[in-house]
Every structure is written in structure tokens, then in C-alpha cells.
Amino acid sequence: MNRAFGPVAAALVAAAVAVALGACTAGGDDSSVGDSSPRDVRTTRVQVVEGLGSKGGLDAAALYDRLSPGVVTIISIFDSGTGSRSRDGGEGGQGSGFVLADDGTIATNAHVVTDGQPPDTKKADKVYVEFSDGNRVRARVVGYDLNSDVALLKVDPAGLSIAPLRLGHSDDLRVGAPVAAIGSPFGERQSLSVGVISALDRSIESLTQFQIGDAIQTDAAINPGNSGGPLLNAKGRVLGINSQIKSTSGGGEGVGFAIPVDTVRRSLRSLRADGSVDYGYLGVTSQPLYPQLARKLGLPVTVGALVVEVQDGSPAADGGLSSGSNTVDFQGQRDIPSDGDVIVGVDGHKLTRRDDLADVIGARDSGDTVKLDVVRGGKRRTVKAKLGDRPQRPPKGK
């Protein structure tokens with residue numbers, strides 16, 4: 001039985017809403033990546049996928065025929081081979097992934113190949129990757145990124161039929177566009193579901209409980225076991241990695257969320273190069289500003305990040321950012337800072353509802369110096385801050 005209800009689910013159970021990480025967790029050791037014979041007696045068969053969606057619609061049958069060989073099932077084993085388990089301690093150990101290149105690199109979710117919460121996260125003892133033709137080989141975990149819930153695996157491609165999938169882009173996504181998900185829900189290999197992009201710019205929790213921004217919401221059925229599999233557009237490009245579901249029962253009748261491909265691409269690039277991913281840290285908690293709230297606070301801007309809290313000793317504190325000393329209640333929300341800072345831009349680029357502060361800072365590396373455009377008391381100023389290392393978990397509020 002596959003269960004995968006991770007820390008995100010636990011955070012929402014009290015609100016009677018379950019967020020299910022769509023697969024069990026697991027990881028591989030760093031030993032050999034194949035269980036087969038030497039490479040010189042084997043060949044890798046690479047299939048190139050092109051020409052899908054040429055008429056603008058999603059041909060689900062053609063997409064499945066061409067792309068399903070590039071989607072794999074990931075089997076995760078913990079406790080030195082004694083079995084596999086999910087985050088809630090139940091039986092399980094299966095997730096999904098997809099082939100990135102003919103060198104045998106494979107993308108999946110970090111929660112498919114890890115167990116435990118930071119700072120006690122660990123890889124599984126073993127990871128196996130099963131291809132659509134039944135081949136099952138040992139994999140190693142090149143690295144994992146808990147902040148974006150992305151992991152990079154590597155298998156020896158010799159003797160395998162490899163069908164790499166191509167990554168798309170996040171900037172041309174449209175609500176209502178058709179999408180397809182392929183994966184192994186409940187261990188049922190190579191399952192296809194179709195739907196549409198039902199919303200954009202969602203925020204979902206990562207494994208560190210920092211937010212993953214710009215997540216894609218879809219009504220394509222996503223169930224436990226789909227985690228790590230691709231969300232595909234009509235042309236067969238990967239738009240994201242299926243990661244979470246939100247429903248009253250934990251099943252696929254709710255809404256699914258995928259990590260956006262631009263976030264995935266950045267994470268995979270760093271994992272391939274360094275085995276880890278660096279994220280900048282400013283050290284503020286903020287809330288979006290909107291016109292009615294701006295009018296209530298007497299601000300000359302209507303979009304930006306209203307600073308709610310500044311962490312002691314953080315780059316934000318060193319730069320003099322402040323949440324002020326007074327608060328107001330407005331539209332059912334209590335204790336809104338009324339005389340603090342509003343960050344309206346970073347390095348000359350205005351913040352928007354889509355490109356908010358968390359997304360912009362998270363895309364920078366620690367050690368980067370940023371120029372923050374700040375409004376306080378109706379006056380504008382520029383604050384320089386040298387970003388720090390993002391902690392493994394968000395600091396607790398004061």
C-alpha cells in the first residue's frame with residue numbers, strides 16, 4: 001500500500017484539509033548505479049520525441065505513446081534493505097520520475113528519495129528505477145533540494161531504452177491550457193490522466209516549510225505515487241513536476257500542484273554541478289499589499305511586500321528594515337503593521353503579485369548583494385542587503 005502524507009499534510013490536517021505528497025520517500029546510496037553487465041557489451045537506445053501537439057490540441061493517445069517510455073517508477077527502500085516506508089510510517093516506497101538525458105539522469109521529487117524533516121533528513125538506503133519496458137536498475141541520488149522538492153538521480157544507461165523528455169518554460173503558461181500527467185499512482189505504473197491548468201501563481205510548502213512560489217494548479221488527477229512525475233503540455237514539454245494534492249480525503253478528487261519547470265530547471269542545474277542548491281535569505285516575513293490596504297495605511301503605492309516581521313541578526317535587520325511599532329486591524333485581519341517598510345522593488349525591478357518578494361529573493365544565491373526599493377512613511381529610499389544562507393527551516397516568530 002502506498003501512502004505519502006508528508007509534513008505539508010500534517011500542517012493542514014488541523015484545518016480538515018489533507019495535502020498529500022504524492023509518493024513515498026526514498027533515496028539511493030552512492031555506490032554502483034547499475035546491476036547489469038559491463039557497458040562495452042551493451043548499447044543505449046535513445047528515442048527522440050518531437051512533433052506532438054502540432055494542431056494545437058492535446059492528443060492524449062499520441063502523447064502517451066510517445067512520452068510514457070520516458071516516465072519511470074521509483075522504488076525507495078529504507079532501513080538497510082528491511083523494507084520501504086512513507087513519511088507517516090506506513091508501508092510504501094513508490095514514486096515517479098522522468099528521464100532528462102541519454103546519460104541516465106532522472107528528475108523526481110526530493111520527498112520521493114528522502115525521509116525525515118530538516119535537519120534530520122536522510123536519503124534512503126537504496127533506490128531502484130523501473131522503466132516502462134520492465135527494466136529495473138539501481139540508481140544513485142546525485143543530490144536533492146528540499147527547498148524546491150526536486151531531486152536528481154543517475155542510472156547507468158547502458159543496455160536501456162532511454163526516452164528523454166524536454167523541459168518547457170514557465171513564462172507562457174495559460175489557465176485553461178490542456179495538460180497531462182503520467183506516473184504511478186498507488187503503484188499503478190504508466191498511468192495517464194488529463195485535465196487543464198486550473199490556476200497559476202500558487203504557493204505550496206516545501207520540505208523546509210519555506211514556500212515554493214509560482215506552483216501550477218491542475219485538475220488532472222494526481223494521487224499518491226504520482227509525485228515526481230511530469231506535468232506535460234500538448235507539445236509534450238514538461239511544465240512541472242507533480243508534487244502535491246489538496247483534498248478532504250487525500251485522494252485525487254481534489255486539486256493537484258506541480259513545481260514550475262523554471263524552478264525545476266534551476267534546481268537541476270545546481271544539483272548536476274554541485275549536488276546541492278543555494279538560496280538567498282533576507283530574513284523578513286511579509287504580506288502582499290493591495291489597493292484598499294494601501295489606502296488604509298496612507299501609502300503612495302498599491303503593490304509590494306509589507307514587512308510584518310524582521311528576524312534578529314538577519315540581512316534585513318542589518319540593512320535597517322523595520323515593521324514599525326504600530327498596528328491596525330483591517331478587513332478581518334489583526335495587527336497589520338501601519339508604520340513600517342514596504343518593499344516595492346529589487347535591483348530596479350518592481351515587485352508584482354506574480355513576481356513577489358519571496359520568489360525574487362529565492363532565485364538569488366547567498367552572498368548576493370541586492371538593492372531594495374523601500375517606502376516608509378511616504379518616502380522612498382534604497383536599502384542594500386547582502387543575502388545570507390537560507391536556514392533549513394524558517395525561524396520561529398517573535
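Author: We take strand pairing, then aromatic rings, then charges over rings. This is a predicted model: local features need pLDDT of at least 70, side-chain atom pairs count only at pLDDT 80 or more, and totals for chains, interfaces and linings use all residues. Residues are numbered from 1 along each chain as its sequence is written, and side-chain values use heavy atoms, without hydrogens and water.

Reader: In which sense do β13 and strand β14 pair?

Author: Strands are DSSP runs of E, at least two residues, numbered from the N terminus. Two of them pair if DSSP finds at least two bridges between them. Here β13 and β14 (residues 211-218) are antiparallel, over five bridges. R202 stands opposite A215 in β14. The two strands form a hairpin with five residues between them. In that turn, Q209 has a positive phi of about 75 degrees. Strand β12 (residues 178-183) also pairs with β13 (residues 191-205), antiparallel over six bridges.

Reader: How many aromatic pairs does a search of the whole structure find?

Author: A pair of aromatic rings is described by the distance of the centres and the angle of the planes. Rings of Phe, Tyr and Trp (its six-membered ring) pair if their centres lie within 6.5 Å; planes under 30 degrees apart are stacked, over 60 edge-to-face, the rest tilted. The search finds one pair. F210 lies in the loop between β13 and β14 and Y281 in strand β18 (residues 280-281), so the pair ties together parts 71 residues apart in sequence.

Reader: What sits over the ring of F210?

Author: A charge counts if NZ of Lys or CZ of Arg is within 6 Å of the ring centre and within 35 degrees of the ring normal. The charged end of R390 is there, 4.6 Å from the centre of F210.

How values were computed. Helix = DSSP H or I, 4+ residues; strand = E, 2+ residues; numbered from the N terminus.
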